[in-house]
Amino acid sequence: MSTKTSWVIDPTHSEIQFKVKHLVISTVTGSFKTFEGTVETDGDDLTTANIQFSADVASIDTNQTQRDEHLRSGDFFDAENYPKLTFASTGLEKTGEDTYKLKGNLTIKGITNPVVLDAEYGGAMTDFYGQNKAGFEINGKISRKEFGLTWSATTEAGGVVVGDEIKLVINIQLIKQA
């Protein structure tokens, strides 16, 4: 019988970013500044990971105040009624030496959909304070419209203002709990 190992996300060494096409010609990058997550594994077997994650929608930051306020509004995330977006894993499948397919349920604006993300294990290290840490980079794509983020506009020339595809770029550092 193996022992459960618990990990928590180290927010000072982690980033939750997203990228979306703007006017089809450029990309806007944003992030969530406030988030938390836990990972529980059987011993050190990552494929047994149970991952729970949430981000505060109001902490969205695209380096442009007016745009951030629009994203928090009912047109997009509706932060007042749906203050958190959440992810709960349903499986972690090893696909290579340090690569995995991370499967789970993503909930945004009260709508839950299954997602599959690519995860790369960056390794483990003990820091100056004797804490065991592990790093992951997670990438994937989702359709914003599938999560009720349907606001749309077109330019006078007929161009789409905001693309549907959202790229997720997540760098996570985990701290092993004693």
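**Salt bridges in the predicted model**

At 40% relative accessibility, D118 counts as partly exposed (buried means under 20% relative accessible area, exposed over 50%, partly exposed in between; 1.4 Å probe, protein chains only). The model is predicted: local features need pLDDT of at least 70, side-chain atom pairs count only at pLDDT 80 or more, and totals for chains, interfaces and linings use all residues. Residues are numbered from 1 along each chain as its sequence is written, and side-chain values use heavy atoms, with hydrogens and water left out.

D118 forms a salt bridge with K101 (2.5 Å, N to O). The term denotes a side-chain nitrogen of Lys or Arg within 4 Å of a carboxyl oxygen of Asp or Glu. K101 lies in strand 8 and D118 in strand 9 (residues 111-126), so the bridge ties together parts 17 residues apart in sequence. Strands (E, at least two residues) are DSSP runs, numbered from the N terminus. K101 is partly exposed, at 30%. Elsewhere, shared partners join D10, D127 and K133 into one network of salt bridges.

The structure holds 7 salt bridges. One of them pairs K33 with D61 (4.0 Å, N to O). K33 sits in the loop between strand 3 (26-32) and strand 4 (35-42), and D61 in strand 6 (residues 60-61); the pair therefore ties together parts 28 residues apart in sequence. K33 is exposed, with a relative accessible area of 55%. D61 is partly exposed, at 23%.

K103 and E93 also meet through their side chains in a salt bridge (3.1 Å, N to O). This pair links distant parts of the chain: K103 belongs to strand 8 (residues 99-108) and E93 to strand 7 (residues 84-94), 10 residues apart. K103 is partly exposed, at 32% relative accessibility. E93 is partly exposed as well, at 40%.

Notes
Helix = DSSP H or I, 4+ residues; strand = E, 2+ residues; numbered from the N terminus.
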